[in-house]
Amino acid sequence: MAVKGLGEIDQQYDGSDLKIAIVHARWNATIIKALVDGAVKRMLELGVKKENIYIETVPGSFELPFATKQYVAKLEKTKGVKIDAIIPIGVLIKGSTMHFEYICDSTTHALMRLNETLSIPVIFGVLTVLTEEQAEVRAGLKPGLHNHGEDWGAAAVEMATKFGKF
């Protein structure tokens, strides 16, 4: 089963002056690592400097909205860094209870609202899947499959370049 991503972007975006953050959950660490690595790899390919990629961890996906907002503020206040885009990354895998539905719904809506309140692109980097195998496929952990983290990295650069700096 091939999972397709965004593919090649029409225009080559120059990310050399961008500062992009990633906040990621620690649950499902192997999958998360692959997704974060994919996002970083793609941003570097699009010119974002390694020293301008900021990464923070949080316990789980439910914590992503709060941490996303706070991390942007923390970087600006403590380091004087104005973030151009942020990618919250998490993995939610369906279990046998309603926990999955509640966390997916609340996390998705909270992250969506951050696009309005933060006034920077917040890229939705949360996999919501039914099985661990589906998550592994989307993280590119099976040979020949696509890593969605790469799409999130490309989306962050594109959105920050098009809409982030005025």
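User: Which residue in strand 2 stands opposite His-24?
Analyst: Thr-57 does. Bear in mind that the model is predicted.

User: What makes strand 1 and strand 2 a pair?
Analyst: Strand 1 (residues 20–25) and strand 2 (residues 53–58) are joined by six bridges. Pairing needs at least two bridges, so the two strands pair. They run parallel.

User: What handedness does the unit of strand 1, helix 1 and strand 2 have?
Analyst: This β-α-β unit is right-handed. With the strands pointing away from you, the path from strand 1 over helix 1 to strand 2 therefore runs clockwise.

User: How do you know that strand 3 is largely enclosed?
Analyst: Strand 3 covers residues 85–93, nine in total. Eight of them are buried, so the rest of the structure largely encloses the strand. Buried here means under 20% relative accessible area.

User: What joins strand 1 to strand 3?
Analyst: Five bridges do, and the strands run parallel. At least two bridges are needed, so this counts as a pair.

User: How many bridges pair strand 3 with strand 4?
Analyst: Five, again in the parallel sense. Strand 4 spans residues 125–129. Its Leu-127 is the bridge partner of Val-91. Between strands 3 and 4 the chain passes through helix 3 (residues 99–118), in a right-handed β-α-β crossover.

User: Why is the contact between Lys-41 and Glu-45 called a salt bridge?
Analyst: The N to O distance is 3.2 Å. The cut-off is 4 Å, so the contact qualifies. Lys-41 and Glu-45 both lie in helix 1 (residues 29–45), four residues apart, about one turn of the helix.

User: What makes Lys-41 and Glu-45 count as partly exposed?
Analyst: Lys-41 has a relative accessible area of 40%. Glu-45 has 43%.

User: Why is Arg-42 called buried?
Analyst: Its relative accessible area is 12%. The limit is under 20%, so Arg-42 is buried.

User: How do you know that Glu-158 and Lys-162 meet in a salt bridge?
Analyst: Their N to O distance is 2.8 Å. This is within 4 Å, so the pair meets the criterion. The two are four residues apart in helix 5 (residues 148–164), which means a separation of about one helical turn. Glu-158 counts as buried at 18% relative accessibility, while Lys-162 counts as partly exposed at 40%. Elsewhere, salt bridges that share partners join Lys-41, Arg-42, Glu-45 and Glu-150 into one network. The structure holds seven salt bridges.

User: What volume does the largest pocket have, and what lines it?
Analyst: The volume is about 290 Å³. Of its 16 lining residues, the closest to the centre are Trp-27, Val-91, Leu-92, Ile-93 and His-99. Strand 3 and helix 3 each supply at least two lining residues. By class, the lining has seven nonpolar, seven polar and two charged residues.

User: What makes Glu-116 exposed?
Analyst: Glu-116, in helix 3, has a relative accessible area of 63%. Exposed means over 50%, so Glu-116 qualifies. Its C-alpha atom is separated by 32 Å from that of Glu-132, 16 residues apart along the chain.

User: Why does Ser-119 count as exposed?
Analyst: Ser-119 has 58% relative accessibility. The threshold is over 50%, so Ser-119 is exposed. Ser-119 is found in the loop between helix 3 and strand 4. Its phi is positive too, at about 60°, although Ser-119 is not a glycine.

Terms used:
Residues numbered from 1 in each chain as written. Predicted model: local features only at pLDDT ≥ 70, side-chain atom pairs only at ≥ 80, totals over all residues. Heavy atoms only, no water. Buried < 20%, exposed > 50% of the residue type's maximum accessible area, 1.4 Å probe, protein only. Salt bridge = Lys/Arg side-chain N within 4 Å of Asp/Glu carboxyl O. 1 Å grid on protein atoms, 1.4 Å probe; cavity = no way out; pocket = protein on both sides within 12 Å on 5 of 7 lines; lining within 4 Å. Points joined across faces, edges and corners; volume = space filled by probe spheres on them. Nonpolar A, V, L, I, M, F, W, Y, C, P; charged D, E, K, R; others polar.
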